[in-house]
Amino acid sequence: MRTPHVVVVMGVAGTGKTTIGPLLAARLGVPYAEGDDFHPAANIAKMSAGTPLDDADRGPWLDAIGAWAHDRAGLGGVVSCSALKRSYRDRLRAAAPGVVFVHLTGDRALIEDRMSHRQGHFMPTALLDSQFATLQPLEADEAGVAVDVAGAPEEIAERAVTALREFDPASS
């Protein structure tokens with residue numbers, strides 16, 4: 001499957017965006033960009049200290065991801081970005097109108113368990129509650145699909161490809 005879409009892999013911390021994103025990009029035959037790499041150093045320092053980001057903190061980060069997605073329009077790509085609020089997704093769509101979201105969803109206990117086993121990541125498990133409190137799932141009028149994160153990464157990536165194919169049969 002090859003897609004001209006830019007796919008934003010979204011969800012709360014610990015759902016596997018950084019793991020699933022590259023697998024999905026490989027299956028789609030497009031480049032992958034790690035959303036965390038677009039954060040200014042101040043954002044990473046704030047999250048590392050256990051302080052949730054506010055909308056003002058997220059603005060430059062979302063704009064940088066949006067610019068990348070805009071530059072990939074018509075070429076395709078996969079980028080990870082929590083995109084927890086509708087307003088964040090609207091901001092990304094304003095920059096790159098053709099983006100499609102893959103919302104990684106799952107049981108809170110599973111996600112917390114996975115987060116507790118991560119090493120070398122700046123997002124502490126303590127911020128998971130704030131992530132779930134902020135999360136606004138995709139709405140019916142938003143281009144995207146929800147994919148459950150239970151199972152192995154390869155299974156999740158394959159479910160994402162299948163969901164995208166069903167969402168947009170022309171991309172197969």
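Tutor: Two residues are in contact when heavy atoms lie within 4.5 Å. In this predicted model, residues 24 or more positions apart account for 75% of the contacts in the protein chain with a separation of 6 or more.

Student: What is the make-up of the protein chain in helices and strands?

Tutor: The protein chain holds seven helices and five strands. Read from the N terminus, its elements follow the order β-α-β-α-α-β-α-β-α-α-β-α.

Student: How do you know in which order the strands stand in the sheet, and which sense does the pairing take?

Tutor: Strands pair when at least two bridges are found between them. Strand 1 (residues 6-10) and strand 4 are joined by four bridges, and four bridges also link strand 1 to strand 3 (residues 77-80). Strand 4 pairs in turn with strand 5 (residues 144-148) over five bridges. The five strands form an open sheet in the order 2-3-1-4-5, with parallel pairing.

Student: Why are strand 2 and strand 5 described as standing at the edges?

Tutor: Strand 2 (32-33) and strand 5 each have a single partner strand, so one side of each has no neighbour in the sheet.

Student: What makes strand 4 count as mostly covered?

Tutor: A residue is buried when its relative accessible area is under 20%. Five of the six residues of strand 4 (residues 100-105) are buried. For the protein chain, 45% of the 172 residues count as buried.

Student: Why is the packing of helix 1 against helix 7 called oblique rather than perpendicular?

Tutor: Helix 1 (residues 17-28) and helix 7 (residues 153-167) pack at an angle of about 55°, and their axes are 9 Å apart. Roughly parallel requires under 35 degrees and roughly perpendicular 65 to 115; helix 1 is therefore oblique to helix 7. Their crossing is right-handed.

Student: What kinds of residues make up the contact of helix 1 with helix 7?

Tutor: The residues of this contact comprise 10 nonpolar, one polar and three charged. Among those from helix 1 are Leu23, Leu24 and Arg27, while helix 7 contributes residues including Ile156, Glu158 and Val161.

Student: Which strands does helix 1 lie across?

Tutor: Helix 1 lies across strand 1, strand 2, strand 3 and strand 4, and runs at about 155° to strand 1.

How values were computed:
Residues are numbered from 1 along each chain as its sequence is written. This is a predicted model: local features need pLDDT of at least 70, side-chain atom pairs count only at pLDDT 80 or more; totals for chains, interfaces and linings use all residues. Side-chain values use heavy atoms; hydrogens and water are left out. Buried means under 20% relative accessible area, exposed over 50%, partly exposed in between (1.4 Å probe, protein chains only). Helices (H or I, at least four residues) and strands (E, at least two) are DSSP runs, numbered from the N terminus. Axes are lines fitted to C-alpha atoms, for helices over the stretch in contact, and angles run from 0 to 180 degrees between N-to-C directions. Angles under 35 degrees count as roughly parallel, over 145 as roughly antiparallel, 65 to 115 as roughly perpendicular and the rest as oblique. A crossing is left-handed if the near helix is turned anticlockwise from the far one by less than a right angle, and right-handed if clockwise. Ala, Val, Leu, Ile, Met, Phe, Trp, Tyr, Cys and Pro count as nonpolar, Asp, Glu, Lys and Arg as charged, and the others, Gly among them, as polar.
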